[in-house]
Amino acid sequence: LSLQETLTRPETGEVEGVTFTKIICSTWDQVWNFRARPDDLLIATYAKAGTTWTQEIVDMIQHNGDIQKCRRASTYKRHPFLEWSVPKSSIQTYSGLELAEAMPSPRTLKTHLPVQLVPPSFWEQNCKIIYVARNAKDNLVSYYHFHRMSKIMPDPGTWEEFVEKFMAGKVLWGSWYDHVKGWWKAKDKHRILYLFYEDMKENPKREIQKILKFLETDVEKEVLNEILHHTAFEIMKENPMANYTKDFEGIMDHSISPFMRKGLVGDWKNYFTVAQNEKFDEDYKKKMADTALVFRTEL
Ligand code: A3P
């Protein structure tokens, strides 16, 4: 048997009504009791909203545009993925918690947790958090393809089935709607920079400058241009330390759909039928009626 054949898709469970892998559910107490340090930076997103992109931008800022330093390890090793763990027996072991605990400060961490499930120590320590949100339709399309190509995710079923699951919030890390709304609310009370994928696509320089300001730092003009270049989709797609081609053989199948898939705003138009789109919009209006949060679905 090849590794691919032996690896089965994960079972799921729930923590406070939010879907996670069984493994995350079983380690939940440790996640909840995680001890954040005051100089931790947390990059929080709903899955497929532009996490990896933001991580690369932040890493480049922290290393003053030194590409070699940013190639020291793959994204998920440079920035511990807080709640993620894969048991020791599996072909690719990982414990975000262990990685984080062993890492010297200042640390940059990644999470997909909805705001109500963020370990309380992050609030107690008043940590800075960068949240990135992406419009629901593109986020959904990206998530669907990621489920297809990555065996760390449950089987997505058909496109139609996956749309239903996404709308019902019965996917890993729970409801997209609750996620973006919850973090939007939290930004008024905590040190949270709330960014949009669409803004980053429209004007990456402007959004990188927002990050610089939030991090209370600055870089030379040439370094900023270097960051822009190095974090552009076409460049990141070819970067083995950012494109998830390293260490994931048998888990991610880039021939089904590459991790660095399209990197566009508006690709949803290639997937939603007219009827699906109408249904989605109607449901969206209801779910988003209680927020001022507005997304762009095209540029
Ligand atoms: P698509 O599937 O729409 O292409 P995450 O890192 O949160 O898992 O998000 C992955 C999504 O971000 C994918 O979207 C991926 O292609 C896109 N992405 C990654 N790097 C990017 C970049 N530098 N610019 C634009 N999009 C990027």
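1. The largest cavity holds about 40 Å³, and the structure has one cavity of 30 Å³ or more. On a 1 Å grid over the protein atoms alone, a cavity is a set of points where a 1.4 Å probe fits but cannot get out. A volume is the space filled by probe spheres set on the points, which are joined across faces, edges and corners.

2. A word on the basis of these notes: this is a predicted model, where local features need pLDDT of at least 70 and side-chain atom pairs pLDDT 80 or more, while totals for chains, interfaces and linings use all residues. Residues are numbered from 1 along each chain as its sequence is written, and side-chain values use heavy atoms, without hydrogens or water.

3. Which residues line the largest cavity? They are Lys48, Ser142, His145, Phe146, Met149, Ser257, Pro258, Phe259 and Arg261, where a lining residue has an atom within 4 Å of a grid point. By class, four are nonpolar, three polar and two charged. Here Ala, Val, Leu, Ile, Met, Phe, Trp, Tyr, Cys and Pro count as nonpolar, Asp, Glu, Lys and Arg as charged, and the others, Gly among them, as polar.

4. Now to the largest pocket, with a volume of about 660 Å³. Its lining has 37 residues, and Lys48, Thr51, Thr52, Trp53 and Phe259 are the closest to its centre. A pocket is an open set of points with protein on both sides within 12 Å along at least five of seven lines. The lining comprises 23 nonpolar, eight polar and six charged residues.

5. The ligand sits in this largest pocket, meaning that more than half of its atoms lie within 2 Å of the pocket's grid points. Around the ligand are 18 residues, with Thr51, Thr52, Ser142, Lys262 and Gly263 the closest; the shell takes in residues with a heavy atom within 4 Å. Helix 4 (51–62) gives the largest share, three residues. Helices here are DSSP runs (H or I, at least four residues), numbered from the N terminus.

6. Please look at the polar contacts, pairs of N or O atoms within 3.5 Å. A ligand oxygen is 2.5 Å from an N or O atom in the Thr52 side chain, and a ligand oxygen is 2.7 Å from a polar backbone atom of Lys262. A polar side-chain atom of Trp53 lies 3.5 Å from a ligand nitrogen.

How values were computed
Polar contact = N/O pair within 3.5 Å; in protein donor to acceptor, adjacent residues only side chain to side chain. Helix = DSSP H or I, 4+ residues; strand = E, 2+ residues; numbered from the N terminus.
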